[in-house]
Amino acid sequence: MPNSTRSDGDTWTITTSVGFTALLVAAARAVETERPDALAQDPYARVFLEAAGDPRAVALADAGNGAGNPMAATRHLGVRTRYFDDFTRDAVAAGIQQVVILAAGLDSRAHRLDLPTGTIVYELDQPEVLTFKQEALATHGTTPAAGLRHVPVDLRNDWPAALRSAGFDGAMPTAWLVEGLLPYLPAAAQSLLFERIVALSAPGSRVAVEGQVGPLDLDGFRAITEKYSREGNPLGDFDVTALFVADEDRADPAEFLVAQGWTVTRAGNPVELGRSYGVRDTVPADAELLSGAIGYFTAALHD
Ligand SMILES: C[S@@+](CC[C@H](N)C(=O)[O-])C[C@H]1O[C@@H](n2cnc3c(N)ncnc32)[C@H](O)[C@@H]1O
């Protein structure tokens, strides 16, 4: 099934358009979980794949990191998961009790990270994605994690109002997660997202971000995808890069946060981040240059 074209105010389910990318990340987390040297454990990744019943996503998980997996950079998502897991664990260990996951997709940290009692996790995503997630976990018999609140929103709209209505307390420090979201937002919505994070953050707040540090070479990404799926592409003509909003004039969120008084700690691109975990094959060698356009950082607003 080819992608639908992106447009202002477009919506999706877990198997269509941008919603399907959440399922693809779950497939990558299933692959990571099943590795003997896994950097992260997500026992819910396969639960979501089974509940969605989408043969493309299941085939992707079954293809593992080997030939035939069109997401040649699958290990990259394991590395990324570990980075945001560590960020979340560190934040709650430092006493932060409010966690906001922007574009949560099938992120199951509220269930799998054993967060301290009293932690409240807000998961924001489009309504049908959150409904799928809730139903899949309920059918599996997973009881809702204490303190988990779903906030169905479009992150291009006024999500702070919905977040506050769900109980978010702007006087408490917050840990924000921005993982796998920014390429799907127009540049203006990305800038507004960080302005809102700053406006909602009490001293002591932190944010972890997967961002863009250079122009994404979309043709290059497509060429690599094709090369690594020569033996059959389970995704058919579904093209993740076609869902990216190709706004190249994006403001650098790290620079913006520094200007707002936050302290930024950069973790490098996927390959550098992977090396910090001892991973040598985060992306195939011929994709290293491409993945150099992606950068990870955390930022903190000190008391
Ligand atoms: C690649 S997935 C990443 C999900 C999750 N953060 C993870 O890493 O597993 C992208 C997610 O962004 C969400 N998303 C993208 N644009 C959005 C928007 N405008 N409003 C709400 N959610 C959005 C999608 O629904 C999807 O769940």
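This is a predicted model: local features need pLDDT of at least 70, side-chain atom pairs count only at pLDDT 80 or more; totals for chains, interfaces and linings use all residues.
Residues are numbered from 1 along each chain as its sequence is written. Helices (H or I, at least four residues) and strands (E, at least two) are DSSP runs, numbered from the N terminus.

**Helix 1 with helix 2**

- Two packed helices are described by the angle between their axes and the distance between the axes.
- Helix 1 and helix 2 (residues 45-52) pack at about 135°, with axes 8 Å apart.
- Axes are lines fitted to C-alpha atoms, for helices over the stretch in contact, and angles run from 0 to 180 degrees between N-to-C directions.
- The crossing of helix 1 past helix 2 is left-handed (the near helix is turned anticlockwise from the far one by less than a right angle; clockwise is right-handed).
- From helix 1, Leu23, Ala26, Ala27, Arg29, Ala30 and Thr33 meet Ala45, Arg46, Phe48, Leu49 and Ala52 of helix 2. Contact means that C-beta atoms, placed from the backbone, lie within 7 Å.
- By class, this contact of helix 1 with helix 2 has eight nonpolar, one polar and two charged residues. Ala, Val, Leu, Ile, Met, Phe, Trp, Tyr, Cys and Pro count as nonpolar, Asp, Glu, Lys and Arg as charged, and the others, Gly among them, as polar.

**Helix 1 with helix 3**

- Helix 3 (residues 55-63) packs on helix 1 at about 25°, with the axes 8 Å apart.
- Helix 1 and helix 3 are therefore roughly parallel to each other.
- Here helix 1 passes helix 3 in a right-handed crossing.
- Leu23, Leu24, Ala27, Ala30 and Val31 of helix 1 meet Ala57, Leu60 and Ala61 of helix 3.
- The contact of helix 1 with helix 3 has eight nonpolar residues, no polar and no charged.

**Helix 2 with helix 6**

- The axes of helix 2 and helix 6 come within 10 Å and cross at roughly 105°.
- Helix 2 and helix 6 are therefore roughly perpendicular to each other.
- Val47, Phe48 and Ala51 of helix 2 meet Ala136, Thr139 and His140 of helix 6.
- The contact of helix 2 with helix 6 divides into four nonpolar, two polar and no charged residues.

- Seven strands form an open sheet in the order 3-2-1-4-5-7-6, with mixed pairing. Strands pair if DSSP finds at least two bridges between them.
- Strand 3 (148-152) and strand 6 (263-268) stand at the edges with a single partner strand each, so one side of each has no neighbour in the sheet.
- From one strand to the next, the twist averages 20°.
- Strand 4 (residues 174-178) pairs with strand 5 (residues 206-212) in the parallel sense over four bridges.
- Trp176 stands opposite Val207 in strand 5.
- Helix 6 (residues 127-140) lies across strand 2 (120-125) and strand 3, at about 150° to strand 3.

**The ligand**

- The ligand is surrounded by 20 residues (C-beta atom, placed from the backbone, within 6 Å).
- The closest are Ala22, Ala103, Gly105, Leu155 and Gly180.
- Helix 1 (residues 17-33) gives the largest share of this shell, five residues.
- The shell has 10 nonpolar, five polar and five charged residues.

Notes
Two residues are in contact if their C-beta atoms, placed from the backbone, lie within 7 Å. Angles under 35 degrees count as roughly parallel, over 145 as roughly antiparallel, 65 to 115 as roughly perpendicular and the rest as oblique.
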